[in-house]
Amino acid sequence: MYGVAAPAQAGGSDESDDTAARDLQQRLMASGHERPEGDACPICFDLIEFPVGHHSEINVCCMKRVCDGCILAAMQRGLYGRCPFCRTPLPADDASILAMVQKRVIKGDAAAITYLGEQHCQGTLGLAKDVPRAIELWTRAAELGSVKAHYQLGLVYCIGDDIEVDKPRGIHHWQQAAIQGNVESRNNLGANEYRNGNYGHAVQHWLISAKMGYEESLNGIKGMFKEGHAAKAQYAEALIGYRDAVEEMTSPQRKEAKRLGV
């Protein structure tokens with residue numbers, strides 16, 4: 001059966017569990033074909049290329065992620081030292097960054113809570129590494145609707161960074177994120193199915209994420225095609241979809257920013 005949904009209810013029958021798993025699989029394949037709103041630059045409104053963190057910058061003043069093309073455009077207009085989106089002066093040091101983030105965390109900003117969880121997990125911004133605290137924050141952010149928090153929870157539970165591995169729980173969070181359009185989670189679900197020998201499900205997942213512009217998923221289908229686990233038509237569909245998605249994420253400003261190393 002596909003993955004793991006949520007912890008099984010006590011006294012549930014095998015038949016009801018199978019039905020729930022089939023329903024979840026149908027939801028997974030029918031939903032999440034479009035990336036979440038937060039993956040688009042708030043200035044040009046175009047989706048940001050992958051890896052998102054390499055082609056954009058998050059501004060803790062407003063928790064908006066601005067693409068490199070719009071950052072370059074702001075610099076060309078003489079806007080330095082301020083957020084390209086909200087025009088707030090950029091924080092000068094880690095303490096200032098942390099203060100800005102915590103201010104938004106107090107107000108219940110899911111993006112800020114997720115970001116703070118990442119800092120606790122990595123031990124950055126002057127914080128000691130504290131994975132349990134990161135999980136606490138990500139759980140709260142996920143409850144507030146953060147897709148990224150679900151992805152992070154899936155990652156930490158499946159890898160077991162300073163905590164006990166709980167793969168079913170991690171897969172559950174990736175499923176929740178994938179349903180809402182998180183490409184990395186979708187790709188990881190495909191990889192999990194591939195490792196389990198569920199090649200049909202793996203291809204389905206990777207087709208969705210490849211057509212959203214995720215190269216790792218495209219390469220996964222390519223590898224499966226070479227192994228005889230994916231059809232030529234499926235690889236062709238993934239390749240065309242991937243190229244179309246990448247083209248939509250490209251702009252003259254972004255190309256220039258990449259050339260200049262912005």
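This is a predicted model: local features need pLDDT of at least 70, side-chain atom pairs count only at pLDDT 80 or more; totals for chains, interfaces and linings use all residues.
**View 1. Asp39 is buried, with a relative accessible area of 17%.** Here buried means under 20% relative accessible area, exposed over 50% and partly exposed in between (1.4 Å probe, protein chains only). Residues are numbered from 1 along each chain as its sequence is written, and side-chain values use heavy atoms, leaving out hydrogens and water.

**View 2. Lys258 and Glu49 meet in a salt bridge (3.2 Å, N to O).** Glu49 is buried, with a relative accessible area of 14%.

**View 3. Phe50 and Tyr214 form an edge-to-face pair.** Their ring centres lie 5.1 Å apart and their planes stand at 90°. For Phe, Tyr and Trp (its six-membered ring), rings pair if their centres lie within 6.5 Å; planes under 30 degrees apart count as stacked, over 60 as edge-to-face and the rest as tilted. Both residues, Phe50 and Tyr214, are buried.

**View 4. Tyr194, Tyr199 and Trp206 are linked into a cluster by ring pairs.** In total, the structure holds 4 aromatic pairs.

**View 5. The charged end of Arg169 sits over the ring of Tyr157.** The distance to the ring centre is 5.7 Å; the rule asks for NZ of Lys or CZ of Arg within 6 Å of the ring centre and within 35 degrees of the ring normal.

Conventions:
A salt bridge is a side-chain nitrogen of Lys or Arg within 4 Å of a carboxyl oxygen of Asp or Glu.
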